[in-house]
Amino acid sequence: MAEPILETRNLVQRFGALVAADNLSLSLEAGELHAIIGPNGAGKTTLVMQLAGELVPTAGRIFLAGEDVTNLSVSARSQKGIARSFQITSLCPEFSALENVALAVQAHRGHSFRLWGRARRDSSLFGPALELLEMVDLGSRAGIPAGLLAHGEQRQLEVAVALGCQPQVLLFDEPMAGMGREDSRRMMRLLKSLKGRYAILLIEHDMDAVFALADRITVLVSGRNIATGAPQEIANNAEVRAAYLGERGVMRA
Amino acid sequence: MISGLQLWITPRVILSAAMLIALAVLPQISSAVDNPFLIRVGMRIMILAIAASSLNLILGYGGMVSLGHAAFIGIAAYVVAILNWHVSNGEPLLSWPIVIEGSANAYVVAPVAIAVSALSALIIGFISLRTTGLYFIMITLAFAQMLYYLFIAFQKYGGEDGTQLLERLTLGSVSLNDRILLYYIALGILLSILIFIDRIVQSRFGMVLQGCRQNERRLEAVGYPTFRYKLVAFVIAGAIAGAAGTLLAVSQQFVSPADLAWPRSGELVIMLVLGGVGTLFGPVFGSAFYVVLQLVLDSWTTHWQIIFGPVFIFFVLFVKGGIVGLFKGPFWRHVPHG
């Protein structure tokens, strides 16, 4: 098998007595959509923060395409191609939707210590930014300040911003959090359209979405990887059923 | 689409043009009514407007609330004064390993003063910008107070009483004794700095800077090492404050530790709030309003702050965008209006 695009080896994260990542190893293959599920407090967001660089793991290493990135800062990892969306929407509220994406494009094209010349007239930034906005169905909302967009639109914008970072890996932290049925369906379609084109690590509570989209699923419980496999395997895994899913018959994969 | 002209000619543009014209003709008015004091007032407005503009770059656009910005004004002013002192006392500034003489030539003094301010901003910013919010306010304040006490300790240069610039400054072979000439030099510098700041704010760098104010975590996540951008902005602001300090020393021919004490830093923040934080002309209106109101109130009572305080509170509570915010239009606010 080819080298995984993103890999963690024996990650440990302790907060005092609490262990949020317990010898956690997993891999993300190129072009794969890998979903992480687990009950609340399983360490899913901790994992995203470790991968994005906001948390330095107590032990263990993180590799991006074979390169050890464990000690790189958040911005350096972004430059290497790890892009993320936030569980709680995190945008520049006063900038327009288009400017939010353009800012991400700018971070990865040319340099930003240009003190002269109007950035807003720079078509090398705003052309690609508009394409990305159209890709997430926000083309008609380009001029609206991000803070004034509807919740669902802000979540779509988060995806466009992540795509603006020329990613090798996309980390989506609950992209459907707080969404209504209509918005969720739109986000599903969007994720489906990205599938195969990027390596995606998806953290999501919506089991329908996870089982419909994922190539592989990893189940986290108390910071441990208790099972990784194809959706069907996970659905039939006895330990997973016992530890997490219970006998509620939610597995419809 | 609305025509370009309609977009341009807004109440704000008219108001700011009127402000610049008023500043430009003030010397003529001053001589017409035979009141040279007016030139001093205009000079003070312009110097404080330059200083407030530099603070606006980091505070208004970059979200870095510094309460020690007067330090960079004072440092430059002291550089001018110290170089001047060594000319009038005929004593070299440094005699070993190389001899450095004092100078009263603005072509030498101004770049040195601005460079020293910028270098100080680099050092202070490098340490302070590791913190944010309240800690940043406190650490910038602490640095400014350290410098304040440092200059008080310099007995050679007047200590607490400050020092007079005895040697008249020149610009090459032209004397800067001429108040009108100095006034128009200051106006030219103010205009250049406003244009410079406008360009910075609208540049790629400016987008990053404004992004830092809105959501620094997001900017890190999309790949910006924000510390570097903030530090560069901090140094630029320090250099511009240095230009203000140079003008201050030259125009008042006197420098004292009060020029870099924290009340001065606080005044600059007040001017921004009065004029409009994060707008290009806000600092100009803020400084004009502050200086004029202070003069008017001071002519009524020595306890002018008793009236000024409530005026400021009124602005904070009811005029949130400052004076510029009263005249909404598409020209000034660089961030999308909303």
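**A walk through chains A and B**

Let's start just after helix α4 of chain A, where A:D137 takes a positive phi of about 70°. Keep in mind that this is a predicted model, in which local features need pLDDT of at least 70, side-chain atom pairs count only at pLDDT 80 or more, and totals for chains, interfaces and linings use all residues. Residues are numbered from 1 along each chain as its sequence is written, while chains are lettered from A and ligands numbered from 1 in the order in which they are written.

Now step back into α4(A) itself. Helices here are DSSP runs (H or I, at least four residues), numbered from the N terminus. α4(A) covers residues 123–135, and at 1.5 Å a residue its 13 residues should span 18 Å; the end C-alpha atoms are 18 Å apart, so the two agree. The expected span is 1.5 Å times one less than the number of residues. In this helix A:L125, A:F126, A:P128, A:A129, A:L132 and A:L133 are buried, meaning that 20 or more other C-beta atoms, placed from the backbone, lie within 10 Å of a residue's own. What do they pack against? The buried residues of α4(A) pack against α3 and α5 (151–164) of chain A.

Over in chain B, look at α4 (residues 70–88) and α6 (residues 133–153). Two packed helices are described by the angle between their axes and the distance between the axes. For this pair, the axes come within 9 Å and cross at roughly 30° (axes are lines fitted to C-alpha atoms over the stretch in contact, with angles from 0 to 180 degrees between N-to-C directions). α4(B) and α6(B) are therefore roughly parallel, the term for angles under 35 degrees. Where do they touch? B:A70, B:A71, B:G74, B:I75 and B:Y78 in α4(B) meet B:F143, B:A144, B:L147 and B:F151 in α6(B).

Finally, find α9(B), residues 226–252, which has 27 residues and reaches 38 Å from its first C-alpha to its last, close to the 39 Å expected at 1.5 Å a residue. α9(B) is mostly covered, with 22 of its 27 residues buried.

Definitions and conventions:
Helices (H or I, at least four residues) and strands (E, at least two) are DSSP runs, numbered from the N terminus. A residue is buried if 20 or more other C-beta atoms lie within 10 Å of its own, exposed if 12 or fewer, and partly exposed in between; C-beta atoms are placed from the backbone. Two residues are in contact if their C-beta atoms, placed from the backbone, lie within 7 Å. Angles under 35 degrees count as roughly parallel, over 145 as roughly antiparallel, 65 to 115 as roughly perpendicular and the rest as oblique.
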